[in-house]
Amino acid sequence: MKLIIVLIVAALIVFWLISFYNNLVKLRNNRENAFANIDVQLKQRHDLVPQLVNTVKGYAAHEKEVFLRVTEARSAAMNATTIDDKIQAENVLTSALSGLKVSLEAYPELKANQNFLQLQDEVADLENKLAAVRRFFNSATREYNNAVQTFPSNLFAKVFNFHTEQMFEVPQEERADLDKAPDIKF
């Protein structure tokens, strides 16, 4: 009788461990799937950026430095291989695109160009979609990190080499800009 009870308890413990492991795997896969959704949006962004830059180049030929930064940032973002590298590279590209937007304010005739307006709308829509999938990615990452860090799953996470992962966050150098009110001019 004691042997049966010991076997039942051992079986329950094994099933309990398996469920923790499987939950961690599901959460990790959910996070990776969330980043794959970001990759889809980033691919579209990488395809649109050269079109936007080429449209603007005709109007702003002397803004070479801005275009160079956008082009280099896009190239670095496309060549990034790991999730962490892609997060970093995309933050640089976002910053470079912000610089491009500021440069465009000096060209009122460009703002009236239909091709530019269409591309600008597409980029704005794409940036909104990116924001949405980044929020989903961060939610999946938070859920995964919570499982890796909370008891008792944290005990098994260490054993099976699960570790906390990086969120998709605003770079530190851009945080100061977020605290400022937007400058709206008419």
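Predicted model: local features only at pLDDT ≥ 70, side-chain atom pairs only at ≥ 80, totals over all residues.
Is R45 buried or exposed? R45 is buried, with a relative accessible area of 1%; here buried means under 20% relative accessible area, exposed over 50%, and partly exposed in between (1.4 Å probe, protein chains only).

Residues are numbered from 1 along each chain as its sequence is written, and side-chain values use heavy atoms, with hydrogens and water left out.

**Figure 1. The whole protein, with seven helices and zero strands.** Read along the sequence, the pattern is α-α-α-α-α-α-α. Helices (H or I, at least four residues) and strands (E, at least two) are DSSP runs, numbered from the N terminus. Of the 186 residues in the protein, 34% are buried. Contact means heavy atoms within 4.5 Å, and among contacts with a separation of 6 or more, 77% are between residues 24 or more positions apart. The protein exposes about 12,000 Å², with carbon and sulfur atoms supplying 58% of it; accessible areas come from the Shrake-Rupley method with a 1.4 Å probe, and for residues only the protein chains shown count as cover.

**Figure 2. The largest nonpolar core, with 18 residues.** A nonpolar core is a set of buried Ala, Val, Leu, Ile, Met, Phe, Trp, Tyr and Cys residues joined through side-chain atoms within 4.5 Å. Look for V53, V70, L93, L97 and L100, the residues with the most contacts inside this core. Helices α1 (2-57), α2 (64-79), α3 (83-104) and α5 (114-149) each supply at least two of the core's residues. Not counting residues up to four places away in sequence, V53 touches F67, V70 and L100. Apart from this core lies another, of ten residues, among them I38, L42, A140 and F168. In soluble globular proteins, nonpolar side chains tend to be buried together.

**Figure 3. R45 and its partners.** R45 sits in helix α1. Leaving aside neighbours within four places in sequence, R45 is in contact with E90, L93, T94, L97, L126, E127, L130 and R134. The side chain of R45 makes a polar contact with the side chain of E90 at 2.6 Å. A polar contact is a pair of N or O atoms within 3.5 Å; within protein, one must be able to donate a hydrogen and the other to accept it, and residues adjacent in sequence count only if both atoms are side-chain atoms. R45 also forms a salt bridge with E127, their closest N and O atoms being 2.9 Å apart. Because E127 lies in helix α5 and R45 in helix α1, this pair ties together parts that are 82 residues apart in sequence.

Figure 4. A salt bridge is a side-chain nitrogen of Lys or Arg within 4 Å of a carboxyl oxygen of Asp or Glu, and a search of the whole structure finds six. One of them joins the side chains of D47 and K43 (2.9 Å, N to O). D47 and K43 are four residues apart in helix α1, so about one helical turn separates them. D47 is partly exposed at 36% relative accessible area, and K43 is partly exposed at 48%. Another salt bridge pairs D125 with K129, the closest N and O atoms being 3.3 Å apart. Both lie in helix α5, four residues apart, about one turn of the helix. Salt bridges that share partners also join R45, E90 and E127 into one network.

**Figure 5. A nonpolar patch on the surface.** The patch is formed by M1, I5, V9, I13, W16 and L17, which together have about 600 Å² of accessible area. Patches are made of residues with over 30% relative accessible area and no salt bridge: like charges are joined within 9 Å, nonpolar side chains (Val, Leu, Ile, Met, Phe, Trp, Tyr) within 5 Å. V9 belongs to helix α1 and is partly exposed, with a relative accessible area of 42%.

**Figure 6. Two backbone details in loops.** F151 and P152 are joined by a cis peptide bond, with omega about 5°. P152 is in the loop between α5 and α6 (153-159). N161 has a positive phi of about 60° although it is not a glycine. N161 is in the loop between α6 and α7 (172-179) and is exposed, with a relative accessible area of 62%.
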